[in-house]
Amino acid sequence: MARWSDYTTGQRIKILRGKTLRQTDLAELTGLSLPTVQQAEQDKRLTLQTLLLIANALGTDTSVLLGQQGPRRGMEQDDRATVKALARAVHDTSAGLFPDNVTAPPLPGLAETAKQCWDLYWDGKYVAAGAVAGQLIQEAGARLHEQPDGERAEAWRLLSDAYRLAAYVANLMGSRDLAYAAIGHAQFAAAHADDGLSSALVMSGRAWIYLRDARLTDSLALAEKAANDIEPRFSRATTGELVAYGSHINFAAVVASRVGDEGLVGDYLSQSHAAGARMGREERAHGTVFGPVTASTQAVGIKVALGRTGEALGLIADINPQHEAALSGAARSRYAMDKAMAQAEAKMWDASLDTLEQALLDHPVWARHQALPAVIVEKVGRASTARLQRVSKLVATGPEGIGFAPPKAKKTL
């Protein structure tokens, strides 16, 4: 299996350029001549200045081109450009630096933009969400600067929301340093908003970053605290409060399943289902989505993580297409992955690949940022050869399908 460092610099440039960006396009983006780009890919006359220009055009770092650092899994040029622009917005705005063309929209306009951005995120359109989030961060920061003293709480809340969204996009795209930085700024803004709910949302977001960074104990502690801090009285809770609490307690169950604490999982799932039942349908609020179907579908992945394959299949049997239609695009795709994993664990090889293949075909952009498809393909060893080969081609495990080692199951949330 080839390692990124095994390729030459020219080969790495060609791989990152991909199939959609021609050499002539790269020449135009960099301002270099076509022969210079061609020579760079042939490892001829490759100067540092040329490397810097190509790295900037491809939205990556020179260390990646030189093989000192591997590229992020499944990222294409648009992904890398989004992460780079998002990082600039996060770091510059936190330092009080804004582009000259950024204006300060009124607070209601910012709130509407934030809602639209979260809609993109929950539909699995992470590149588009990241692009909007970068602009939202800058505009919310500009609004904060122009707000009069004593009237900044809402601006701080919106800025916290924008940073949290940036952290989520960065976390999904594998840019862990940016995710940590963005969630840190979100925490600072939430504290100034004097809003306990915003602080809990940020806390839960940090727990998710910890989980993907394999910091399981830290993740569980934060997830538990975030849920407990906003636990409502069900008899008089608003829909927004139930959405926030239900999604938080459900995530706490996810983390507890990753550390194998079945007692905690049972307690949290019970509370999650109670919140969903109280709501009666799926709702969106505070940048998150929750309801009775979410509680049931996420329980499938939780049961699989605990090795309770039979219970997971039992839950799947009670979930019909009408239920799935109520979910957001990203949640529907995630449920399909968990379903395929449960089928693979039950040695239902062909059924697992059928489920996985349909999900990959339905939501290819979403799937590009997920690690679980590669884990499922690795686990399925007795399916029909033709089906396995077909699905394997849909699963990107590295740039241009190059065989980097697949991720481990515990890091695939």
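**Questions on the predicted model**

Colleague: Is aspartate 177 buried or exposed?
Modeller: Residues are sorted by relative accessible area, found with a 1.4 Å probe on protein chains only: under 20% is buried, over 50% is exposed, and in between is partly exposed. Aspartate 177 has a relative accessible area of 67%, so it is exposed.

Colleague: What is the mean pLDDT of the protein chain?
Modeller: pLDDT is the predictor's confidence in each residue, on a scale from 0 to 100. Of the residues in the protein chain, 92% reach 70 or more, and the mean is 86.

Colleague: How many of the nine residues of helix H1 are buried?
Modeller: Helices are DSSP runs of H or I with at least four residues, and strands are E runs of at least two, numbered from the N terminus. Helix H1 covers residues 9-17, and its buried residues are Thr9, Gly10, Arg12, Ile13, Ile15, Leu16 and Arg17. Helix H1 is largely enclosed by the rest of the structure because the number of its residues that are buried is seven.

Colleague: Against which helices do the buried residues of H1 pack?
Modeller: Glycine 18 follows H1 and has a positive phi, near 70 degrees. The buried residues of H1 pack against H2 (23-30), H5 (62-65), H3, H4 and H6.

Colleague: Where is aspartate 43 found?
Modeller: Most residues other than glycine have a negative phi. Aspartate 43, however, has a positive phi, near 60 degrees. At 38% relative accessibility, aspartate 43 counts as partly exposed. Its place is the loop between helix H3 (34-41) and helix H4 (48-58).

Colleague: What is the phi of lysine 347?
Modeller: Lysine 347 is in the loop between helix H18 (329-345) and helix H19 (349-362). Its relative accessible area is 54%, so lysine 347 is exposed. Phi is positive here, in a residue other than glycine, and is near 65 degrees.

Colleague: At what angle do helices H6 and H10 pack?
Modeller: Axes are lines fitted to C-alpha atoms, for helices over the stretch in contact, and angles run from 0 to 180 degrees between N-to-C directions. For H6 (residues 77-94) and H10 (residues 176-193), the axes are 10 Å apart and the angle is about 35 degrees.

Colleague: Which residues does alanine 186 contact, leaving aside neighbours within four places in sequence?
Modeller: Alanine 186 lies in helix H10. With a relative accessible area of 0%, alanine 186 is buried. C-alpha to C-alpha, it is 39 Å from tyrosine 7, which is 179 residues away in sequence. Its contacts are Ser160, Tyr163, Arg164 and Val202.

Colleague: With which side chain does threonine 294 make a polar contact?
Modeller: Threonine 294 is found in helix H15 (residues 292-305), and at 5% relative accessible area it is buried. Not counting residues up to four places away in sequence, it touches Asn250, Glu282, Val289 and Leu327. A polar contact is a pair of N or O atoms within 3.5 Å; within protein, one must be able to donate a hydrogen and the other to accept it, and residues adjacent in sequence count only if both atoms are side-chain atoms. At 2.4 Å, the partner is the side chain of glutamate 282.

Colleague: In which helix does threonine 309 lie?
Modeller: Threonine 309 counts as buried, at 16% relative accessibility. Leaving aside neighbours within four places in sequence, it is in contact with Lys303, Ala342, Glu345 and Ala346. Threonine 309 belongs to residues 309-317, which form helix H16.

Terms used
Residues are numbered from 1 along each chain as its sequence is written. This is a predicted model: local features need pLDDT of at least 70, side-chain atom pairs count only at pLDDT 80 or more; totals for chains, interfaces and linings use all residues. Side-chain values use heavy atoms; hydrogens and water are left out. Contact means heavy atoms within 4.5 Å.
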